[in-house]
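Q: Please take a close look at the ligand site in this model. Describe what surrounds the ligand and how the protein touches it.

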Amino acid sequence: MTATTDKELASVVIRFAGDSGDGMQLTGTQFTNATALHGNDLATFPDFPAEIRAPLGTLAGVSGFQIHFGSTKINTPGDQSDVLVAMNVAALKVNIKSLKKGGVIIANTDGFDAKNMRLANVPEDKNPLTDGSLSEYDLKTIDVTKITRAALADSGLTTKEIDRCKNMFVLGLVYWMYHRPMENTLNFIKSKFSKNEAVMNANLKVLNAGWNYGETTEMFANRYTVAAAKMEPGVYRGIMGNQAAAAFGGHLAITGSSGPGIALKGEAIGLATMLELPLVIVNVQRAGPSTGMPTKTEQADLMQAMFGRNGECPVVVLAAQSPSDCFTLAFEACKIALEHMIPVFFLSDGYIANGAEPWKFPNTASLPDIQVHFAAAREAGDEPFMPYLRDEKLSRPWAVPGTKGLEHRIGGLEKQNITGNISYDAANHELMTQIRQEKVDKVADFISDQTIDTGEESGDLLILGWGGTYGALKTATSILIEEGYKVSHAHVRYINPFPKNLGDLLKRFKKVVVPELNNGQLVKILRDKYFVDAIPYNKIQGQPFMSNEVVAKIKQILD
Amino acid sequence: MTATTEKLTAKDFASNQEVRWCPGCGDYSILKQVQTVLPDLGRPKEEFVFISGIGCSSRFPYYMETFGMHSIHGRATAIATGLKATRPELSVWIISGDGDSMSIGGNHFIHLLRRNPDVNLLVFNNQIYGLTKGQYSPTSEQGKITKSTPMGSVDHPFNPIALSLGADATFVARTMDRDPKHQQAMIRRAYDHKGTSLVEIYQNCNVFNDGAFEVFTEKSSKKEETLMMEHGKPLVFGENADKGIKLDGFKPVIVDLNDSAVSDLWVHDETDLVKATILSRFYDDPADENHFPRPFGVFYVNSKKATFDELFNAQIAYAKEKMGPGDLDKLIAGKETWLVN
Ligand SMILES: Cc1ncc(C[n+]2csc(CCOP(=O)(O)OP(=O)(O)O)c2C)c(N)n1
Ligand code: SF4
Ligand SMILES: [Mg+2]
């Protein structure tokens, strides 16, 4: 056995990349779980094609999974990776630009044969493994296919089945490199393939083979340790942002989709606004318009949530900032919908939905109460029931079918205030329009104030973000502060209504920059509402912000 | 189902809202018949919910002293399914028009029928868009001249009964606004059926499509042009009850009862889907020579198919039995957790 040296690192970014059929998402998820159990803080970024079976070996078919983990607080999946696992030439070609100079490449040589080169449009004489173009990197070439086939020669499996185990070899090797515990993945394989012992054993064998390869070859001089992060004590789990019509009958109605689906639901959202019933609408935003780029992130549905319906149709709009915030804010969305009898938009995005982070989850006893009141039954002599009589929140009674004496009719036609009868009265329509707006505005009395996330309470520049850009903006702000800039970061989670103090907070900074993954939406609302000369900073590529590009942009504005 | 102590009357089911259909509209009769039937069902008012889409017909819930929702064009079916699934103890009725059910709501219409929640769907078919002032609808006859088809419609119309049978509906009936007794009987049968009950009601829009069903509803031609189906009875029609339908293999033929015995006639069997399908195709233009009379009554009943609300709630009950009642804390914690000290 060769002696390897252990090196201690504060944080590492690894990108697993291969063909869609190479199982990179599973590899990444397993590595993530092992890393979470090891006690590191982490953030992940899966980036995969929308096609379930994208064309084999091509650039379009490349599937990637990036994980950033460390002993310090981790806010983003990392701008650039330290290690790139490339299962084929297409994966290398697509991802090499985001590998740090001097970074490690683990390349599966079998994925660089003539056929793969042709599929990835790489000229025959330009094999990157041999033409010297990767000289600035630490290149490790391994014929993963050959080793896997050899290891499973007498497994009784077909070549196709054997080749599907390749990702386990890589996973085992990377586990070895970073001293990760393997139990979790061993158990996962055992339970996933419990009905097919041959496949189970094959996966276990190849996973161990990967580990042993690191241990026995002289390819790697170093192994790395990344100590557990100092996190708030408590019980944690991993959380992804995506784990997180019956309102008339007395149930909370929840519907979820992305932009195109929300467009289809628009008329029903208008109806719920008119009926003043509790409804939560979840929109996991992706690049649009129309079908756009499924699986790619964007923040371009804010205007749709705010205004994308016919008529004056205000609804409450909340936007989560991270996978774990999805829980907090989804709970808040339900609470507001039920307590204010109002539709609430809950915005997430592809980046949050697919990303993962450790989450110190609450127990239900610690969650605030949600107060729900149903209107009580009435007897013959009682005053007639008034379905649009309001309380101090301006919300109307929830009168569910089956309750004696509460028979009433509601619908999409304009209502007379208090009685709820159909009304075409001019003054009443204006009154009702104002009431529906005021009802949304009043929610501001029940939400928490806007806080500064990073930096001082005043200064030269405020970075004001919303949604899934949280981590990148936070990291960028910390870098800028370290370099002496008077910059702060605030992240809005309540967009309609805004927290009451937001206007004052904006005034305390000389400049306000609003980075968004769209063509400028929150910035328009802020300018309209607070008359601030907020500066838009937009990226519309279906990809999240990198911290370093935010840093560069802010410097450009300030210098 | 709770029994009420005092017996309700039709008036108890009339809301205080002014009815705003055109004078002479067939919708009035349907409102009256529903209000007449409901008191006989022995249920308190608060257990009834009427959900409608958009159209003249869909204004119906406003006039009923029950719970009601005037919802979205073509989507009452979806809202009613949600309500019935979560509140199966309620008596849920859907009110719709030919446009509402078969243009914009065509998709929801067929999915409601195949899912079979225990709701009643009354389609007021006037073969026109009434509320929007007289455009052709998916049941308008080919060649129809309307505001949107000034040179005559080129569309082939839907046959709502055949469409419903094709969507595996479990109760399919047709009635007409001008026959109160028959209408009441069909509404009652619809209520009694467990599963989705589709009742197509021929309704005269005297403003935009007056007389569309005249040959079936006018006394002078009704007996000759309609076939009133009754379970277990031979299919007889004609001015003097002198004609009948016989089955020659799968081919229906009209016979003259002066030459043929009643005992040779096709005896109506509501439970026979094949025969119901043949009857649904009696959809000829009454102006055609040798046309079949238009059938009214119950075409088909299948009382064996489970309802959506039953299956939906049984599955929840089964899940609870199998996995225990929901434990929110367990759900939040997920499968894997770790402790940070
Ligand atoms: C989404 C949408 N599209 C169009 C309309 C306009 N519209 C209102 S009623 C109607 C047709 C109604 O026809 P039908 O269902 O036959 O009802 P009737 O008025 O004849 O009873 C249409 C097209 C609408 N309300 N909503
Ligand atoms: S337009 Fe026709 S369907 Fe509508 S209310 Fe008038 S008569 Fe009835
Ligand atoms: Mg109509």
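A: The shell around ligand 1 is made up of six nonpolar, eight polar and three charged residues; here Ala, Val, Leu, Ile, Met, Phe, Trp, Tyr, Cys and Pro count as nonpolar, Asp, Glu, Lys and Arg as charged, and the others, Gly among them, as polar. The model is predicted: local features need pLDDT of at least 70, side-chain atom pairs count only at pLDDT 80 or more, and totals for chains, interfaces and linings use all residues. Residues are numbered from 1 along each chain as its sequence is written, chains are lettered from A and ligands numbered from 1 in the order in which they are written, and side-chain values use heavy atoms, with hydrogens and water left out.

Ligand 1 sits between chains A and B. There are 17 residues around ligand 1, and those that come nearest are Cys56(B), Ser57(B), Asp98(B), Gly99(B) and Asp100(B); a residue is near if one of its heavy atoms lies within 4 Å. Helix H3 of chain B (residues 98–104) gives the largest share of this shell, four residues; helices are DSSP runs (H or I) of at least four residues, numbered from the N terminus.

Polar contacts are pairs of N or O atoms within 3.5 Å. In the side chain of Ser57(B), an N or O atom is 2.7 Å from an oxygen atom of ligand 1. A backbone N or O atom of Cys56(B) lies 2.8 Å from a ligand 1 oxygen atom, and a polar backbone atom of Gly130(B) is 2.9 Å from an oxygen atom of ligand 1. The protein buries 78% of the 590 Å² that ligand 1 exposes when taken alone, with accessible areas from the Shrake-Rupley method and a 1.4 Å probe.

Conventions: Polar contact = N/O pair within 3.5 Å; in protein donor to acceptor, adjacent residues only side chain to side chain. Helix = DSSP H or I, 4+ residues; strand = E, 2+ residues; numbered from the N terminus.
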